[in-house]
Amino acid sequence: MKKSNYIGLKCPIPVLKAFKVIKNHPEETEFEFKCDDPTAIKDFTDLCKNTGLKLNKIINKKSFFIIFINRT
């Protein structure tokens, strides 16, 4: 699983960086992204809808989100 930490970055930067990570690691099938920007949930949901990726789950911690995405 490829993990990335985007805490402290404001959208759309986290989703753009996440897309680049996904594109640059075609051998990976599972990705985990940490973000603290509340708009990241919508941005990552839209990313998955537009690219055919699967948004597995979003865990809402007290001060950040952990977003799990799978390549289908």
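This is a predicted model: local features need pLDDT of at least 70, side-chain atom pairs count only at pLDDT 80 or more; totals for chains, interfaces and linings use all residues.
Local features here need pLDDT of at least 70, side-chain atom pairs count only at pLDDT 80 or more, and totals for chains, interfaces and linings use all residues. Residues are numbered from 1 along each chain as its sequence is written, and side-chain values use heavy atoms, with hydrogens and water left out.

Helices (H or I, at least four residues) and strands (E, at least two) are DSSP runs numbered from the N terminus. Two strands pair if DSSP finds at least two bridges between them.

| Strand | Bridges to β4 | Direction |
|---|---|---|
| β2 (residues 30-35) | six bridges | antiparallel |
| β3 (residues 54-60) | six bridges | antiparallel |

On the β3 side, K54 has N70 of β4 as its bridge partner, and a hairpin of four residues links β3 to β4.

Six of the six residues of β4 (residues 65-70) are buried, so the strand is largely enclosed by the rest of the structure. Buried means under 20% relative accessible area with a 1.4 Å probe, protein chains only. F65, I67 and I69 cover one face, while I66, F68 and N70 lie on the other.

What about the core? A nonpolar core is a set of buried Ala, Val, Leu, Ile, Met, Phe, Trp, Tyr and Cys residues joined through side-chain atoms within 4.5 Å. The largest has 17 residues, of which I22, F33, F44, I67 and I69 touch the most other members. At least two of its residues come from each of α1 (13-24), β2, α2 (40-51) and β4.

Key
Buried means under 20% relative accessible area, exposed over 50%, partly exposed in between (1.4 Å probe, protein chains only).
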